[in-house]
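Please read them with the sequence and the model at hand.

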Amino acid sequence: MRTLFYSIGQGIRNLLRNKGYAAASVATMTACLFLFGLFYSVITNIQAMVRNAEEGVSVTVFFQPGVTEDQIRQIEVAVGERPEVSDVVYVSADEAWASFSKEYLGEYADGFEDNPLADSANLEIYLKDVSRQEDLVNYLQGLDIVREVNRSELTATTLTGINSLMWYASAAMIVILFIVSLFLISNTVATGISSHRDEIAIMKYIGATDFFVRGPYVFEGVIIGVLGSLLPLGLNYFIYNRVIEIISGKFSMLARLLTFLPVQTVFRTLIPVSLILGVGIGFFGSVFTVRKHLHV
C-alpha cells in the first residue's frame, strides 16, 4: 500500500511539473473523446431508427387454394420459432377483404355478396434482422402449401447496408481515436521520463523494481485518461440535451419524423465506454513508453 500511495503521489507531482504537456494531452484526449461521443450519439440514434424501420419490414405469405386454417396455423407456429422472426400475424380471408374494401371500395363493397378474396388468407411475418430475409424466403418457398411470397428486397438491402456502414464507421472511429490518443499520451509520459532519466537510472542501480519505477508514470497516464474522459462526457451530455430540446421545441415536424433516444439511454453505454477508453489509453500509453527506459 505504501508503494501504491507513493506511485499515485509521484504521478500527480509529474503532472504538475509538466503542466503544459499534461494540459495538451488532456485537451487532445478531450477533443478526441468529445468527437467520439458525438459520433456515438449520432450512430446510436441512426441505428435505433433503422431498427424501428426494420420492425415495419414484413414478408407476406399466400397459400395454395384449399389450404385449411389449421395448416396455416401450423406454419405460423413453425415460422414464429425461427431466430430471425420477431412476430407473425395471421390474416384471414375475411380480414383481408374487410381491409381491402375499406381502403379502396368504401360503400361500394356492399355490392359483393361473396368474398372475392376467399383464397387470400396470409401470414405477415416481421423480422428481427432484415439481413436474414433471404433465408426466411427460401424456407417459405420450399413449403408445398405456399403459393407466393411477397418481400421488399430493396428495403432489406438498404437497411442491411446502413447497418454495415454504421458498424465499419464506428470501428474506424475507435481505432483512429485510440492511435492518436495513445501517441499523445506516450509523448507526455516520455517528456516526464526524459527529465528524470538520471533519477530512474540511480533507482535501478540500487535495486528498485520495475513496478516501483513504472508506477508513477502509469498513474500519470491514468489520471490524464480520467480527466480526458470526464470533460467530454459533460460537454456531450449538455449538447445532446440542448439539441433534443431545440428540435422538439422549434422543429416539431422534424421531431415527429426523427425519434431520438432519451439521453439516459445513450449515456448508459457512453459513460463506461468513454472511461474505459480514456483509462485504457492512458494506462497502455504509459506502460509502453516507460518500458523503453527501464533498461539501464
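How many salt bridges does a search of the whole structure find? The points below begin with that count.

1. The search finds three salt bridges, a salt bridge being a side-chain nitrogen of Lys or Arg within 4 Å of a carboxyl oxygen of Asp or Glu. The model is predicted: local features need pLDDT of at least 70, side-chain atom pairs count only at pLDDT 80 or more, and totals for chains, interfaces and linings use all residues. Residues are numbered from 1 along each chain as its sequence is written, and side-chain values use heavy atoms, with hydrogens and water left out.

2. R73 is partly exposed at 35% relative accessibility, while E76 is buried at 17%. Buried means under 20% relative accessible area, exposed over 50%, and partly exposed in between (1.4 Å probe, protein chains only).

3. R82 and E84 are joined by a salt bridge of 2.8 Å, N to O. E84 is buried, with 2% relative accessibility.

4. In helix α8, R242 and E245 are three residues apart, about one helical turn. Their side chains meet in a salt bridge of 3.2 Å, N to O. R242 is partly exposed at 39%, and E245 is partly exposed at 47%.

5. I239 also lies in helix α8, which spans residues 210-250.

How values were computed: Helix = DSSP H or I, 4+ residues; strand = E, 2+ residues; numbered from the N terminus.
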